[in-house]
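I wanted to look at the inside of this protein, and I kept notes as I went.

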Amino acid sequence: MLIAVVPASPKTGQAAIRALLNSTETTRPITVKGVYRDLSRVPEEFLSNPHFQAVKGDVSDAASLDLTGVDAVLAITPPRYDGSDFLACARTASENTRLAIQKSGSVKRLVLLSSMGAEHESGTGEIVTNHIAETILKDAAPEVVIARCTYFMENWAMAVETAKSEHPHFYSSITPIDFEVPMVAVKDMGQAFATYLLKSDIPESPYIVDVHGPRSYTPKDVQRAFEEAVGKEVELRLVERKDLSQFFAGFLPKNVAEAFTEMTNAFLPGGIMASANTENSNSDRVWRGKTELKEAIRELCEGSG
């Protein structure tokens, strides 16, 4: 079975490749094809695996994508934080991926990395890129699984430097302090993608599944996780809603900062995505990972040197 990850360089793509290469969910021989714009970014751990192959390809260039002979595809919409039109880039990437799947004549299943809130066509900021991808790819293959992931635990990576500084602190754009948000670790997302790429069948197409971690977490839980990881008290500095725009403008291009402000307001209390924070642990449409927030943050702190 040949599975392609398009593109393979994001951390989510790497996690999926790792999960596929280590999977015991199937007895079928698996080969994973990673599609890279820059082949120098292929991790050595993959290159040394005989069941992995790296190929050059760019989702922004339709002619560069070749999925001939591929049985299943994991599609990722690459984030664009360089100030370019990220919505147009998402549309181009999705259309090119769809074309490559259809030209292949062999792809039977597509798993799409999406996000909670992707059902909304507007009002969710950067998450609109996932709505665009879902709309274009929902019938790109005979079987389509749309994996709507919750808040990435690894989003807290930007807080590691200040949490480990002389005056330990971090900023939280999630407010209030006790507001619970479902979060999931990237490695658990990789496991979820592998599971649905390898499942013998899916109930319907498109099949929408929500990818969660073991439970929801508050900013206070994040603070405790950082304090445990660095071994000292860490100050939690809340970014109130009125200050979100200025906060994101401090490190993102103008259009991206505006999108992040709208996205954050959308999932905070009263926002159009707030209902997505209500978990139904008994639903067969919730895939639940095992990694706790404190483990993910400890790994982020250890990995920062």
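Entry one. I am working from a predicted model. I looked up the largest nonpolar core, which has 40 residues; Trp156, Ile174, Met183, Phe226 and Leu293 touch the most other members. I then listed the elements that give it two or more residues: α5 (160–163), β9 (181–184), α7 (219–230), α8 (244–249), α9 (254–267) and α10 (293–303). The largest share comes from α9, with 7 residues.

Entry two. I picked Met183 and looked up what it touches, not counting residues up to four places away in sequence. Among its contacts are Trp156, Ile174 and Leu293, which I had already noted in the core. Met183 also touches Thr150, Tyr151, Met153, His212, Gly213, Arg215, Tyr217 and Val222.

I found a second, separate core of 36 residues. Ile3, Leu20, Val42 and Val184 are included in this second core.

Entry four. How many cavities of 30 Å³ or more does a search of the whole structure find? I noted 1. The volume of the largest cavity is about 50 Å³.

I wrote down the lining of the largest cavity: Val6, Pro7, Val59, Ala75, Ile76, Thr77, Ala93, Ser94, Thr97, Leu112 and Leu137. Helix α3 (residues 86–104) gives the most to this lining, with 3 residues. Sorted by class, I have 8 nonpolar and 3 polar residues in the lining, and no charged residues.

Notes:
Residues are numbered from 1 along each chain as its sequence is written. This is a predicted model: local features need pLDDT of at least 70, side-chain atom pairs count only at pLDDT 80 or more; totals for chains, interfaces and linings use all residues. Side-chain values use heavy atoms; hydrogens and water are left out. A nonpolar core is a set of buried Ala, Val, Leu, Ile, Met, Phe, Trp, Tyr and Cys residues joined through side-chain atoms within 4.5 Å. Buried means under 20% relative accessible area, exposed over 50%, partly exposed in between (1.4 Å probe, protein chains only). Helices (H or I, at least four residues) and strands (E, at least two) are DSSP runs, numbered from the N terminus. Contact means heavy atoms within 4.5 Å. On a 1 Å grid over the protein atoms alone, a cavity is a set of points where a 1.4 Å probe fits but cannot get out, and a pocket is an open set with protein on both sides within 12 Å along at least five of seven lines; lining residues have an atom within 4 Å of a point. Grid points are joined across faces, edges and corners, and a volume is the space filled by probe spheres set on the points. Ala, Val, Leu, Ile, Met, Phe, Trp, Tyr, Cys and Pro count as nonpolar, Asp, Glu, Lys and Arg as charged, and the others, Gly among them, as polar.
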